[in-house]
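Please examine the sequence and the structure shown here before reading on.

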Amino acid sequence: MKYGIVFLLVSSCISYFAFHSPWHLILLWPAVAFFMVSQAYFQNSANVFWKLPNGTRPVEATWLLLPYLAFARIVWEIQVLFDSSDPFNQVTEKLIIARRLKADEFPQDVALVIDLTSEFVDPPLVRQHPGYVAEPVLDAAAIGFKKALLLADRASEVEGKVLIHCANGSGRSGHVSAIFLIAWREAKSAADAIRMVQDARPCVSLNAKQVETVREAYFYVDKIRRTVIGFGADE
């Protein structure tokens, strides 16, 4: 909601200047782009970014959203320039958490890549990886815990390492990585899963919604396990 309000205010300010400027037709472009992104946050849906399963975005959507996409990319490049964190960190032998990686930063022996960004398109080397999966999530938002558990189930079956990344390797990838640890029985609780991820990558910081999603995943998995144990005891 906070991001939606901010982007709506940006759109409103640009629109105001657009209608009081001879360059109004040009200024309306970023106004529309930021307005669309604000609606994505109000609706809690990444669909406005039109990110396809292969990680690309239609040319028409790219042009329409270009002012926002350019803004997000510039901010990201500045963050990476001054960020002392590693591009990626290994949480367990199988699980890697990362920010958006450049082509020359991609680690070896990765069998599955889960791209959680909605606003970015990965380099071709990453997108063309045979195990690449795009699951767009809005910045600072949370994935549905059942969807995350399905991804974890799929990931458990691959031979090799699983790399989960978002823009900065913090919130989105942090809470999904924690859910993977819960699904794989690597963590004893939601708090333990979050701690393990933060120990591996100290820059991980989850907001209240992301923490709640990890807890929901833990209680859901724990309930299923208790049910299965109960059936076994009856036998």
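How many of the five residues of strand β5 (residues 161-165) are buried? Four of them are buried, so β5 is largely enclosed by the rest of the structure. Buried means under 20% relative accessible area, exposed means over 50%, and partly exposed lies in between (1.4 Å probe, protein chains only).

The model is predicted: local features need pLDDT of at least 70, side-chain atom pairs count only at pLDDT 80 or more, and totals for chains, interfaces and linings use all residues. Residues are numbered from 1 along each chain as its sequence is written, and side-chain values use heavy atoms, with hydrogens and water left out.

Helices (H or I, at least four residues) and strands (E, at least two) are DSSP runs, numbered from the N terminus. Two strands pair if DSSP finds at least two bridges between them. Strand β5 pairs in the parallel sense with β2 over four bridges and, also in the parallel sense, with β3 over five bridges.

Most residues other than glycine have a negative phi.

| Residue | Phi | Relative accessible area |
|---|---|---|
| Trp 50 | positive, about 50 degrees | 39%, partly exposed |
| Asp 109 | positive, near 60 degrees | 58%, exposed |

Trp 50 lies in the loop between α2 (24-43) and α3 (59-82). Asp 109 is placed in the loop between β2 (95-98) and β3 (110-115).
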